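Hi everyone, thanks for making the time. I'd like to walk you through one model today, so please have a look at it with me.

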Amino acid sequence: MSRRQRRYLVSMGIRMVCFFGLVVTPHPWRWLFLLGAAVIPPLAVLFANISTREPTRRSWEPDDETRPALMSHEVIRGETTPVGSDELRG
């Protein structure tokens with residue numbers, strides 16, 4: 001979490017420099033500072049939310065070794081009930 005906050009704060013600091021530059025620089029350079037001040041916020045949020053960690057396995061997901069598997073020769077037999085049958089309506 002602190003890494004995300006640091007990235008975001010650095011980006012917002014750069015944005016503040018752009019606002020300051022917008023006020024103190026002559027006309028042609030103002031457009032670059034204005035562009036920086038407008039583009040940095042969405043990029044800051046995007047980069048702050050990028051996670052470098054791999055997703056962890058959830059506790060309810062079984063490991064590959066413990067996961068039950070059907071063998072290719074096993075056939076599961078059963079009866080089916082048609083969708084419109086009276087047994088379903090009960």
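Before anything else, a word on terms: a residue counts as buried when its relative accessible area is under 20%, and as exposed when that area is over 50%. Please also keep in mind that this is a predicted model.

With that cut-off, how much of the protein is buried? Of the 90 residues in the protein, buried ones make up 12%.

Now the overall layout. There are three helices and zero strands in the protein, and starting from the N terminus the order of elements reads α-α-α.

Let's turn to the pair H1 and H2. Helix H1 covers residues 2-24 and helix H2 covers residues 27-48; their axes come within 8 Å and cross at roughly 170°. That angle is over 145 degrees, so H1 is roughly antiparallel to H2. What sort of residues make up this contact? They divide into 17 nonpolar, three polar and four charged.

Staying with helix H2, have a look at Leu-32, which lies in that helix. Is Leu-32 buried or exposed? Leu-32 has a relative accessible area of 51%, so it counts as exposed.

Last stop, the surface. Leu-35, Val-39, Leu-43, Leu-46, Phe-47 and Ile-50 together make a nonpolar surface patch of about 520 Å².

Definitions and conventions
Residues are numbered from 1 along each chain as its sequence is written. This is a predicted model: local features need pLDDT of at least 70, side-chain atom pairs count only at pLDDT 80 or more; totals for chains, interfaces and linings use all residues. Side-chain values use heavy atoms; hydrogens and water are left out. Axes are lines fitted to C-alpha atoms, for helices over the stretch in contact, and angles run from 0 to 180 degrees between N-to-C directions. Helices (H or I, at least four residues) and strands (E, at least two) are DSSP runs, numbered from the N terminus. Angles under 35 degrees count as roughly parallel, over 145 as roughly antiparallel, 65 to 115 as roughly perpendicular and the rest as oblique. Ala, Val, Leu, Ile, Met, Phe, Trp, Tyr, Cys and Pro count as nonpolar, Asp, Glu, Lys and Arg as charged, and the others, Gly among them, as polar. Patches are made of residues with over 30% relative accessible area and no salt bridge: like charges are joined within 9 Å, nonpolar side chains (Val, Leu, Ile, Met, Phe, Trp, Tyr) within 5 Å. Accessible areas come from the Shrake-Rupley method with a 1.4 Å probe; for residues, only the protein chains shown count as cover. A salt bridge is a side-chain nitrogen of Lys or Arg within 4 Å of a carboxyl oxygen of Asp or Glu. Buried means under 20% relative accessible area, exposed over 50%, partly exposed in between (1.4 Å probe, protein chains only).
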